[in-house]
Amino acid sequence: MSQTLAARPRALKAPAFNVPSLARGAYRATQGWLIPFGLIVLWQAASSAGLLSDSVLPSPFAVLAAGWRLTLTGELPRNVEVSFLRAMAGLVVGGGIGFALGLANGLSTLSDRLTDSTLQMIRNIPHLALIPLVILWFGIEEEAKLFLVALGVFFPIYANTLHGVRSVDPQLIEMAKSYGMPRADLFFRVILPGALPSIFVGLRYALGIMWLTLIVAETIAAQSGIGYMAMQAREFMLIDVVVLSILIYALLGKLADVVARALERACLSWNPNYRNV
Amino acid sequence: MDLAISRGSALAFDAPVSDAPHLGAPVTARGLAKSFGATRVLHGLDLHVPAGQFLAVVGRSGCGKSTLLRLIAGLEAADAGRIAFADEQAARKIARVMFQEPRLLPWARVLANVEVGLGADRAKPDARRRALEALEAVGLADRADEWPSVLSGGQKQRVALARALVSRPQLLALDEPLGALDALTRIEMQRLLEHVWLKERFTAILVTHDVGEAIALADRIVLIEQGAIALDVGVDLPRPRHRGDPKFGVLEEQILSHLLGSNA
């Protein structure tokens, strides 16, 4: 609370200068961390006071210690790396196909008539329901995770790309055509930028599904990764490692969101709605 | 009071231009017809616009004046009849349209928006210089690096005008481009339009519902009624025209009474 009061007059006094505005920006960025940090402080206090048993929820320090221990053995960095690469591979493959099909169906009615009903039918199958089948097909190899993540991220990106392309202002397209804009320009300078806000919505939605799918897949069918680490820890009753895994998922999810937001801000700086997000 | 002109003190069109001055293109329409569903918007319309003429098209809402413009500009195809320019050229080669809305690309800076007007020539090395000259001509060279969203309505239409003029079209089709502007900005824009037209001498076809605007700008006014030309009058007043001029009032009264009379 004292932080709020101290920072405000400073920001009001000299809003035009760069240094205070930078400080204000940094302060704003930290605002989002006040609640998670506060919760951790409460959690530690409850553990120290003996209100929380270590066998139910180990203290933040215990979790941190577990993290340090696993970092030293190399287990944690390796598993984080494996999970991260799986997530990215699934996002690139599934998102890439979804993006391409979304563009194709948005631009070509023939492509839309050919593929859209099929895609809508597949969409209505919860992709996690395919896990038994996927295990039978791929066992617990990498393909299984890649397939599930790719399938999960495909639909939000497909649907939002399609929607974005279709909702580009027809007046702008008419203008561009009547001004003799070449076809490639029409796509890269009118249709794609017009669809981009919607595509980003799809991307952020896909990032959520990406982690969810990966956690489930790694928990059920994997020999490495954070989900696997958590399941192993459960077998040996290492509850601190289980909690650590969950917190790492939260951090990775936040990281993905930060990257998506930065991309959004860079690509959509023309849009007043995104300028101060 | 000469707001629009004095603001853009360094007018590019006053400076020697690289391209040789050219006359506008003549346009001839014969037996034009267009229907939307069961509604016959135009039927059997004939119109000849000589090269370099400033023609205003007036009429009640829904009389088909915008449709006529869209047919001439090649935005839509006629059901019957034909439109011809000199040398059998295509509309998209020689004509530029200024729409009622600015239709600027919100994700492109002002200068890049003007470059859109160059069409396929945007890739040429002099594109940027030409776009800047066109922006100067509308008095907005200092806003070249802004996003369109920070401009006022009048400024956006001026950028749209620069975009329409940057390719030095032989025909400029104006579809009520000043309709959404406030009264003062409107007068500024009318002066700017007259100024660039006197300089460039393209053929101009202005669709408007404002009879005063038509008289202030046009050499000739046609009134469209029930899908055909009902009145075709020349405006023989010296430029710049003043609304206080008694002849201005007489002409305005004549056209307005025709418009209102057709209602009875």
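**Exercise 1.** Leaving aside its neighbours within four places in sequence, which residues is A:Gly95 in contact with?

*Solution.* Start with the ground rules. This is a predicted model, where local features need pLDDT of at least 70, side-chain atom pairs count only at pLDDT 80 or more, and totals for chains, interfaces and linings use all residues. Residues are numbered from 1 along each chain as its sequence is written, while chains are lettered from A and ligands numbered from 1 in the order in which they are written.

Step 1. A:Gly95 is found in helix α5 (residues 75-107) of chain A. Helices (H or I, at least four residues) and strands (E, at least two) are DSSP runs, numbered from the N terminus.

Step 2. List the partners. A:Gly95 is in contact with A:Val153, A:Ile157 and A:Ala206, its neighbours within four places in sequence left aside. Contact means that the C-beta atoms of two residues, placed from the backbone, lie within 7 Å.

Step 3. Look along the chain. A:Leu207 is 112 residues away from A:Gly95 in sequence, yet the C-alpha atoms are 9.9 Å apart in space.

**Exercise 2.** Is A:Gly95 buried or exposed?

*Solution.* Step 1. Recall the scale. A residue is buried if 20 or more other C-beta atoms lie within 10 Å of its own, exposed if 12 or fewer, and partly exposed in between; C-beta atoms are placed from the backbone.

Step 1. Apply it. A:Gly95 counts as buried because it has 25 C-beta neighbours inside 10 Å.

**Exercise 3.** Describe how α11 and α12 of chain A cross.

*Solution.* Step 1. Take the axes, which are lines fitted to C-alpha atoms, for helices over the stretch in contact; angles run from 0 to 180 degrees between N-to-C directions. Those of α11 (residues 226-235) and α12 (residues 239-267) of chain A come within 8 Å and cross at roughly 160°.

Step 1. Name the angle. So α11(A) is roughly antiparallel to α12(A). Under 35 degrees counts as roughly parallel, over 145 as roughly antiparallel, 65 to 115 as roughly perpendicular and the rest as oblique.

Step 2. Find the residues. From α11(A), the contact includes A:Ile226 and A:Met229. From α12(A), A:Val241 and A:Tyr249 are among them.

Step 3. Sort the contact residues. They divide into 8 nonpolar, 1 polar and 1 charged. Ala, Val, Leu, Ile, Met, Phe, Trp, Tyr, Cys and Pro count as nonpolar, Asp, Glu, Lys and Arg as charged, and the others, Gly among them, as polar.

**Exercise 4.** How many residues of chain A are in contact with chain B?

*Solution.* Step 1. Count both sides. 16 residues of chain A are in contact with 19 residues of chain B.

Step 1. Find the main supplier. α9(A) gives the most to the side of chain A that touches chain B, with 6 residues.

Step 2. Classify that side of chain A. It has 10 nonpolar, 4 polar and 2 charged residues.

**Exercise 5.** In what order do the 3 strands of the open sheet in chain B lie?

*Solution.* Step 1. Read the order. It is β2-β1-β4 (chain B), with antiparallel pairing. Two strands pair if DSSP finds at least two bridges between them.

Step 1. β2 (39-49) and β4 (80-85) of chain B each pair on one side only.

Step 2. Zoom in on one pair. β1 (residues 27-36) of chain B and β2(B) pair over 7 bridges. B:Leu32 has B:Leu45 as its bridge partner in β2(B).

Step 3. α2 (residues 65-72) of chain B lies across β1, β2 and β4 of chain B, at about 120° to β1(B).
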